[in-house]
Amino acid sequence: MSNIEKLQYYFEFPYVRYAFIVGILISLCSSLLGVTLVLKRFSFIGDGLSHVAFGAMSLSTTLPVMIKQYALSWSGEDKLSPRMQGVVNWFGGLNDMYIVLPVTLVCAVLLLRTGQNTKIKGDAAVAMLSVGALAVGYMLMNRFPSRANISGDVCSTLFGSTSILTLKREDVWLCIVMSVAVIAIYLLFYNKIFSVTFDESFTKASGVNADSYNLLIAVVTALIIVLAMNLVGSLLISALIIFPALSAMRIFKSFRSVIICSAVISVACAAFGIIVSILSSTPVGSTIVVADLGVFILFSLISAFVGKARS
Amino acid sequence: MSAQMVCKNASLGYEDGIVAENLDFTISKGDYLCILGENGSGKSTLIKAILGLQPQVSGEIEWCGGVRKNEIGYLPQQTVVQRDFPASVREIVRSGCLAKSGLRPFYSKAEKELAESTMKQLGIGEFARRCYRDLSGGQQQRVLLARALCATRKMLLLDEPVTGLDPKAQHDLYELIAGLNREGITIIMVSHDLTSAIKYATHILHIGGRKQLFFGKTADYLKSASGMLFTGTEMNGNE
């Protein structure tokens, strides 16, 4: 079967098409916000939040097992009461997003607050939170294994689903709704986000509530990280956020062109990565990130070359 | 001359302690006020108080003469973030109109025109499409000045605007600011540069040792005790 036929064959399945759409939307969102995060020196917050999302994801997958074990040891019986079984089933059937999203949102807000507070400096707070969340997450997964294959679970949470085909239909719709919300927020507040990114003190002085826009940026960052976890996993999200922005900044010189270029790079790399991962069955997350890395190196070379030619 | 800002017996500081107290001064329309003082004398706290970012601990800061709080064009000191920021001059100058645009997501035609005419006025019209980080220090300050002028035409607050500029660029920027002052824009400048302060300012506010050492006309400042002391030490420091 030729590559084109193989692709055609795969794209006949609706869930492959959905996964493709989700990948494109997520990469678009992350690249939009990435420019702001990189310029505000907030890239580490994205990294920290992705680890928090990992911890929350572990919590969410182990919660039914945890409840079951504690309920059994507490009651001293071998079987759960029907009521307790109902609770366990309810948590088991719950979409992970409903736990991961609120936890990550709260941490995003907290991190932003500590960034301004002097007691624990921003970078230390992020480091603390991210390794803490990693440790708790891994411990939960080991102590309350929901499936036999623990390392497989950990691996897919860290590096994304080994196949995009494991996305559930509900995930897809949630992703589409949230991506559209992120893009709408970005377009509506574009000028404000620019001003807050470029010069916070001026923005504050002219009577614009810069703190609430910072909060908005943190909330949207958390949203994107939770979204992107499905695609590339929590370790590789930072790459999706910072690489397109850094590549675009090598060459383009105005904010708008950087944003547009970053979005184009990110979407192209995501599409390329997903197609390659289908054709040669590589893990989708790392394929996309490697594509992003390649573009970054290419753009760095171009900018070095152009810089030399000019001087 | 009508007063635009009156500071009555204000004390500034944080919860942990007072940084400067008993500040009493008035700024009138068309004034050129220079705020002098050593590092740590409470200058930056005073700036925050004037901008309304940090309320005074006691006393009053009143706005009058048609100027409202937040109607100050502010030229902050450059931050690390800005030095390699990919933004065109036009984008930065337009962002001065942000407060006017309110919740509207895009700038109106009038706001865009204001940005264009301000850039022409400050002689940076030809740089409109250039990248901010590729400009010289003096040109960058003009861009930020144009942005401040888009925010308001009543009062400008400049925080050590000539820091890091070469002598020629410093002189040009001072002349530009003096020109804006002649057009009737009130100038408040925080500065280390005593010589230029005396040359251009109409009024001097000197703070130090947590209190106000002098406020008044520049000519009177030179005769005053604190003025002589400060000019004296400054000259010794330069030798």
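1. A residue counts as buried if 20 or more other C-beta atoms lie within 10 Å of its own. Keep that cut-off in mind for helix α1 of chain B. In this predicted model, the buried residues of α1(B) are K43(B), T45(B), L46(B), I47(B), A49(B), I50(B) and L51(B).

2. Helix α1 of chain B spans residues 43–51. The helix is mostly covered, with 7 of its 9 residues buried.

3. Now the overall scores. The model has an ipTM of 0.84 and a pTM of 0.83. For chain B, the mean pLDDT is 83. In that chain, 93% of the residues reach at least 70.

4. Where in chain B is the mean pLDDT of an element the lowest, and where the highest? Helix α10 of chain B (residues 225–238) has the lowest, at 55. Helix α3 of chain B (residues 89–94) has the highest, at 92. Look also at residues 234–239 of chain B, where the pLDDT is below 50. Beyond near neighbours in sequence, this stretch makes 1 contact in the model.

5. Chain B is divided into two domains. Domain 1 takes residues 1–31 + 39–72 + 209–227. Domain 2 takes residues 73–153. Between the C-alpha centres of these domains of chain B the distance is 27 Å.

6. Turn to the largest nonpolar core. This core holds 158 residues. Which of them touch the most other members? They are A53(A), V226(A) and L157(B). Why does the core lie between domain 1 and domain 2 of chain B? Both domains give residues to the core, so it lies between them.

7. Take A53(A) as a place to look. Leaving out residues up to four places away in sequence, A53(A) touches V100(A), T104(A), I225(A), V226(A), M229(A) and S234(A). V226(A), in that list, is also one of the core residues named above.

8. Last, the contact between the chains. Chain A brings 28 residues to the contact, and chain B brings 22 residues. On the side of chain A that touches chain B, four helices each supply at least two residues: α8 (169–188), α9 (190–198), α10 (200–205) and α13 (255–280). Helix α9(A) gives the most, with 6 residues.

Definitions and conventions: Residues numbered from 1 in each chain as written. Chains lettered and ligands numbered in written order. Predicted model: local features only at pLDDT ≥ 70, side-chain atom pairs only at ≥ 80, totals over all residues. Core = buried A, V, L, I, M, F, W, Y, C linked by C-beta atoms within 7 Å. Buried ≥ 20, exposed ≤ 12 C-beta atoms within 10 Å, placed from the backbone. Domains from an automatic or database assignment. Contact = placed C-beta atoms within 7 Å. pLDDT = per-residue confidence, 0-100.
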